[in-house]
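Please read the explanation below with the structure in view.

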Amino acid sequence: MTTQPIKIKYFLNNKFIESKTKKYMECFDPSTGVVTHLAPQCTKDEVEAVILSASKAYPAWSATPASKRIQVLFKMKALLDKHLEELTYIVASSEGKKWDEAMGDVLKVTEVVEFACGIPHLLKGESLMDVSSGYDTVLFNESVGVFAGIAPWNFPAMIPMGWMAPLCIATGNTFVLKAASFVPQAVMRIAELWVEAGLPEGVLNIVTAGRNEAEIFLKHPSIVGVSFVGSTKVGLHIYKTAAANGKRVQALTEAKNHAMVMGDCKLKRTAKGIMNAYIGCAGARCMALPAICVEESIADDLVALLVKYSKEAKLGKAYDKDTGLGPIVNKDHKDFIDNWIETGVKEGAKLILDGRNPSVSEECKDGFWVGPTIFDHVTEEMSIGREEVFGPVICVKRVKNFEEGITIMNNNPFANGSAIYTQNGYWARQFAARTHAGMVGVNVGIPVPNGIFGFTGHKQSFFGDLHAMGTDGIRFFTEQKNVTSTWFSEQEEDSDANVDTWDGTITSMPEEK
């Protein structure tokens, strides 16, 4: 018996509403290839409706004391804990992350919600009495208005409901989200939990939509800022367009993260770390490790270990807890990765482990699979070593020494993450100081920061001024206001000395004698 796909509804005023659109996008279980859901490509009117809802909710929510707003977040944290297994299954069965990776996706939501629970402290401003005689200045951090989020498919819980929503909501703003049409199931379920936690109507609204409708967020007068995660081409367009329309923007984009592998590294431990870093989440993360610069003295031994450990990764259903590598999100992306592998072959890179058409179980034969793939002797003339593949593919670049490796790494236009594997403190310190990347690992292949720190990509991996999460995230969703005041006594009321002459100058220079 074939089960009919479930039509997903969009989220408006704490209710799920069926779209009037005739356009729907298929959502798959990537492990089996079965279509499980249909995501609406919401109409222009429906996008306008969620923005209007958020605009109407903003005055009351922003006026709600921070100490009361966080009561919702405390309840939300408890609900995320309670529904962890359920949410993990949703992520695994819709995006393809293996079980522990899918759970990590959800736990990163909880992590930022916990951080946002400290918003009364994080919003505290600054003050100074007698900034000039009789004048006091207080700086406040205030909410801004309605923010829009445009989320990618590769982290369907963490990015929209971790990086974006908690800090936006906690700081007193309202939020409209364009969820990724491939994988909206997780955010829709988490939206239900926000309602259960007591979030008022209109504070959070969610649609799935095409690019034309998403463009509304970039120009709409009620939207004050846009948070985006996705490709560099789209991110740059969003940054230019939204900024030209007077909006603040944070656009987190592509990466080609590199690791430096020094000859003194702990070889087996390093090989296992690199293997997990390049095949984890099937390579579909902007902090994956798709390229390594390896000192020639150990390159043969390291590559042999990488092949050995990669071959041991068990491909299987994402929601089976013993799976070592899950599927690709859909056929289009699988074909994209396969084409990149073919490009690497044509460019002359040595394909020593080919992950195309891997062996899987009969029940997974219609799923979307690419196994671990290793290219050796990759040079800078090869695009496979420079551009983002977003799959379980790693490029080995053999270098003579640290200087050659750091030069190759820093010549790349992207600068999200980088890592060095070494037992030498001098080289580790040199690397941390000289790498262009914004997130750096020392013997850590995926140096993703905890939610209390910012996600600090650089160069063409980020467009904007304030990053996601951490104190940057707080600043992105707030604006500052200075209030300077002075007060008069009854005796001073009629005195000319009380005429307001404040011009921001702390004091005048003393007269020369």
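Two strands are said to pair if DSSP finds at least two bridges between them. The strands themselves (E, at least two residues) and the helices (H or I, at least four residues) are DSSP runs, numbered from the N terminus. The model is predicted, so that local features need pLDDT of at least 70 and side-chain atom pairs count only at pLDDT 80 or more, while totals for chains, interfaces and linings use all residues. Residues are numbered from 1 along each chain as its sequence is written, and side-chain values use heavy atoms, with hydrogens and water left out.

In general, the strands of a sheet pair through backbone hydrogen bonds, either parallel or antiparallel. Here, β1 and strand β5 (residues 34–40) pair in the parallel sense over two bridges, and I6 stands opposite H37 in β5. These strands belong to an open sheet of three strands with mixed pairing, in the order β1-β5-β4. Its edge strands, β1 (6–7) and β4 (24–29), each pair on one side only.

Attention now turns to strand β9. Is this strand (residues 174–178) largely enclosed or open? Five of its five residues are buried, so β9 is largely enclosed by the rest of the structure. Here, buried means under 20% relative accessible area, exposed means over 50%, and partly exposed lies in between (1.4 Å probe, protein chains only). Both faces are covered, with T174, V176 and K178 buried on one side and F175 and L177 buried on the other.

β9 pairs with strand β8 (residues 146–150) in the parallel sense over five bridges, and A148 has V176 in β9 as its bridge partner. Four bridges also join β9 to strand β10 (residues 204–207), and these two run parallel. In this pairing, L177 stands opposite I206 in β10. The chain crosses from β9 through helix α7 (residues 185–197) to β10 in a right-handed β-α-β crossover. A crossover is right-handed if, with the strands pointing away from the viewer, the path from the first strand over the helix to the second runs clockwise. β8, helix α6 (residues 158–170) and β9 likewise make a right-handed β-α-β unit.

The last topic is helix packing. Helix α3 (residues 84–95) and helix α4 (residues 99–116) pack at an angle of about 115°, with their axes 8 Å apart. Axes are lines fitted to C-alpha atoms, for helices over the stretch in contact, and angles run from 0 to 180 degrees between N-to-C directions. Contact means heavy atoms within 4.5 Å. Residues in this contact include L84 and L87 of α3 and W99 and M103 of α4.
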